[in-house]
Amino acid sequence: MKLFFQRKSTLTLALVVVFTLVLSACGNAASTSSNAGSTGSEEAATSSSGNELEQIKSAGVLKVGLMGTYAPYNYLDSNKQVIGFDADIANEVAKRLGVKVEFTTQAFSGLIPSLQAGKFDAIISQVTITDERKQQLDFSDPYITNQVKIIVNENNTDITKLADFKGKNIGVGLGTNDETYLRNEVLPQVGDFTIKTYNDVITTLQDLNVGRIDATINNIYALKPVVEENGFKIKAVGDAIKSDQAGIAIRKNNPELLESLNKALKDMKDDGTYNTIFEKWFGEQPPAE
């Protein structure tokens, strides 16, 4: 009987030792796995971070996204080259960063997703600075303030203010701040009206000219060259319904790039370069700030 208990104790002790070794091995494996995951995350964070200003200067190119259909801000000339107020601002900013500009044109609604995907470094395309957009983008200091007015066919006498939109068809640029303004602010106040969205100003004004829509909202600077070139019979009515400030949009958490952009814009204004560009495209000096 005594021998039986001794053998039983020895067997129990052996099992405890084996079990302890198994637990120890599992623990080490889990620890190793956890550490490997941590290292991978740290490497990913390191690879995705970096000073974008240095990367731009190293490449010698500032990649800029814009519409290319929004004269006189940004559009294509007869040689398919991007020109306009925004283009001149982009070229001057890049010059002061010591690099050249590479433009990418696409519909406004796709500019922010493309910026976030890394297809370019900045958007310089009349992107209105809003609290909503600040949640996903960083903006430079404003480089222009635009007064937005109601635009109607020259024969229209029914619409002179926002309250007159009720029951009407109103056109607006897809994905623009003006679309957000109509949906979130005007529609709840005025009552039911139909919002029709467009990818460019020309098509919007074509539909307004032939009566497919009753009105649109935009600023006079944007409309003047399009109206003159196409002979649209339209007019601005009433007082300005709002004013918007546009800035250079970049991806978040790039303080060095943001600081350099703001310095370039300030220096342009201080030395008169900004005023020269503004007068070139709008035929007048910019309003006093």
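Analyst: Helix 3 (residues 85–97) and helix 9 (residues 255–270) have axes that come within 9 Å and cross at roughly 110°, where axes are lines fitted to C-alpha atoms, for helices over the stretch in contact, and angles run from 0 to 180 degrees between N-to-C directions. The model is predicted, so that local features need pLDDT of at least 70 and side-chain atom pairs count only at pLDDT 80 or more, while totals for chains, interfaces and linings use all residues. Residues are numbered from 1 along each chain as its sequence is written, and side-chain values use heavy atoms, with hydrogens and water left out. The elements named here are DSSP runs numbered from the N terminus, helices being H or I with at least four residues and strands being E with at least two.

Helix 3 and helix 9 are therefore roughly perpendicular to each other, on a scale where angles under 35 degrees count as roughly parallel, over 145 as roughly antiparallel, 65 to 115 as roughly perpendicular and the rest as oblique. Their crossing is right-handed, a term for a near helix turned clockwise from the far one by less than a right angle, anticlockwise being left-handed. On the side of helix 3, the residues that meet helix 9 are Ile89, Glu92, Val93, Arg96 and Leu97, and their counterparts in helix 9 are Ser260, Leu261, Ala264, Leu265, Asp267 and Met268; contact means heavy atoms within 4.5 Å. By class, this contact of helix 3 with helix 9 holds seven nonpolar, one polar and three charged residues, where Ala, Val, Leu, Ile, Met, Phe, Trp, Tyr, Cys and Pro count as nonpolar, Asp, Glu, Lys and Arg as charged, and the others, Gly among them, as polar.

Helix 3 also packs with helix 10 (residues 273–282), at an angle of about 160° and with the axes 9 Å apart. Helix 3 and helix 10 are therefore roughly antiparallel to each other, and helix 3 passes helix 10 in a right-handed crossing. Here Phe85, Asp88, Ile89, Glu92 and Arg96 of helix 3 meet Thr273, Tyr274, Ile277, Phe278, Lys280, Trp281 and Phe282 of helix 10, and the residues of this contact divide into seven nonpolar, one polar and four charged.

Turning to the strands, five of them form an open sheet in the order 10-9-11-8-12, with mixed pairing; two strands pair if DSSP finds at least two bridges between them. Strand 10 (194–198) and strand 12 (234–246) are the edge strands, each pairing on one side only, and neighbouring strands of this sheet are turned by 30° against each other on average, direction ignored. Strand 8 (residues 144–153) runs antiparallel to strand 12 and is joined to it by nine bridges, with isoleucine 144 standing opposite alanine 246 in strand 12.

Two helices pack on this sheet. Helix 6 (residues 177–190) touches strand 8, strand 9 (169–173), strand 10, strand 11 (215–219) and strand 12, and the direction of helix 6 makes about 105° with that of strand 12. Helix 8 (residues 220–230) touches strand 8, strand 11 and strand 12, and its direction makes about 110° with that of strand 11.

Strand 9 and strand 10 run parallel and are joined by five bridges, and isoleucine 170 has isoleucine 195 in strand 10 as its bridge partner. The chain passes from strand 9 through helix 6 to strand 10 in a right-handed β-α-β crossover, meaning that, with the strands pointing away from the viewer, the path from the first strand over the helix to the second runs clockwise.

Helix 8 has a further packing partner in helix 7 (residues 201–210): the two pack at an angle of about 65°, with their axes 11 Å apart, and helix 7 passes helix 8 in a right-handed crossing. Val201, Ile202 and Leu205 in helix 7 meet Leu223, Val226 and Val227 in helix 8, and the residues of this contact are six nonpolar, no polar and no charged.
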